[in-house]
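Colleague: Hi! Could you walk me through the charged pairs in this one?
Modeller: Happy to, here it is.

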Amino acid sequence: MVALHALTAAFLISQVCASAIPQQDVTVSTTSSVVLPSVAARSVEAAAAQLEQLSSWAYNTSTDRLSEAKDKRHGCTLSKLRIRRDWRAFSAAEKKDYIKAVRCLQELPARTPAHLAAGAKTRYDDFLATHINQTLNIHYTGTFLAWHRYFIHQFEEALREECGYRGNIPYWDWPSDAHSLEKSEVFDGSETSMSGNGKYIPNQPDIVLTMEGAADIYLPTGTGGGCVTSGPFKDYTVNLGPAALMMPGGNQTAMSNPLDYNPRCLKRDLTTELIQRFANHTSVMSLILGNNKIRDFQLVMQGVPGTGDIGVHGGGHYAMGGDPGRDVWVSPGDPAFWHHHGMIDRVWWLWQNLDRKNRQDAIAGTDTFLNNPPSPNTTLDTMVDLGYAKGKPMKMRDLMSTTAGPFCYVYL
Ligand SMILES: [Cu+2]
């Protein structure tokens with residue numbers, strides 16, 4: 001498959017030519033007398049306090065603006081505002097409602113025509129097929145953040161409109177689980193989790209992200225590896241992929257056509273060490289405070305190629321591990337994907353809030369993965385189209401704010 005080769009090639013090129021990005025301090029302008037940190041604390045405890053402070057400040061300024069009607073486009077008002085919260089803040093009943101709605105989408109019939117994606121059997125798979133189809137145009141591109149913002153928003157809309165869900169999409173606060181993913185409320189395997197670990201497979205060698213001309217990245221495997229054995233998704237079937245599944249020992253697995261029907265169990269390999277290394281509180285705060293330009297911010301978030309750092313985005317995905325967690329293309333097939341990308345979107349939102357004037361509409365990059373093959377710059381007029389997943393095609397300009405419409409939400 002051409003696209004798969006392109007991804008591999010892009011990885012190789014990226015790993016060879018990349019250089020580290022200088023970290024800059026941000027001058028934070030605040031609307032009130034609150035003094036926000038300008039440099040990430042080195043100790044994770046202090047960084048955790050910084051994140052909490054920034055988070056409540058961003059919530060307060062956003063809601064203040066709405067009450068002053070500064071963002072009153074498309075009618076986003078305080079009364080309509082949705083508040084996205086950490087999974088930990090959900091009650092058991094709220095968690096069950098969310099899980100029930102996700103399982104409902106996994107049972108409704110697909111809308112993607114079979115000749116386009118023979119493996120798309122359910123409404124859930126429609127989202128997966130869209131992500132697989134567009135992978136090389138939505139990662140390491142100018143659209144990365146806005147595309148995924150729209151993607152999880154439409155997933156939330158599908159839960160609400162098609163499965164009777166009345167709540168909001170949650171997020172997974174990775175750094176707070178840096179002590180133990182097995183004990184995370186997202187992954188503890190209880191009936192209020194997104195299912196637990198995979199069955200333990202002993203002696204798994206490292207995952208190796210290989211590259212020509214640059215040092216390989218070795219990622220440890222975790223405490224699972226096999227099929228998920230507990231929780232609401234233990235009988236869920238992953239229907240599509242793999243497309244580029246990274247295997248312990250350095251190999252990759254792929255179907256000749258990842259859109260074909262390939263039913264199999266959901267696998268996980270919880271790897272706490274990857275959260276500790278790439279998505280701890282200090283990583284999150286230095287990502288937010290240490291990158292003034294959108295180009296740097298989104299690149300550091302996804303991992304600056306060649307540095308050995310896979311960023312908070314890669315950290316979260318690889319910490320889930322397994323199949324499809326370790327497959328960039330098929331990763332939405334893990335039902336915890338939406339939690340992870342909720343947090344990605346939250347971090348972008350926090351970063352945008354620190355300097356709305358300069359960051360709200362900031363875009364950098366082109367429409368192809370690390371600009372390979374070369375493509376036009378992404379602009380505010382670039383269209384984002386989720387295909388058969390949900391929602392109409394939108395311009396980037398309408399996806400940049402969470403409160404200026406059509407979106408109407410904040411994070412708490
Ligand atoms: Cu993605």
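Modeller: Let's start with Lys 234, which is partly exposed at 41% relative accessibility (buried means under 20% relative accessible area, exposed over 50%, partly exposed in between, with a 1.4 Å probe and protein chains only). This is a predicted model, where local features need pLDDT of at least 70, side-chain atom pairs count only at pLDDT 80 or more, and totals for chains, interfaces and linings use all residues. Residues are numbered from 1 along each chain as its sequence is written, and side-chain values use heavy atoms, leaving out hydrogens and water.
Colleague: Thanks! Which side chain does Lys 234 meet in a salt bridge?
Modeller: Asp 235, at 3.6 Å from N to O. A salt bridge here is a side-chain nitrogen of Lys or Arg within 4 Å of a carboxyl oxygen of Asp or Glu.
Colleague: And is Asp 235 buried or exposed?
Modeller: Exposed, with a relative accessible area of 66%.
Colleague: How many salt bridges are there in the whole structure?
Modeller: A search finds 24.
Colleague: Which residues are linked in a network?
Modeller: Salt bridges link Arg 82, Arg 84, Arg 149, Glu 156, Glu 157 and Asp 345 in a network.
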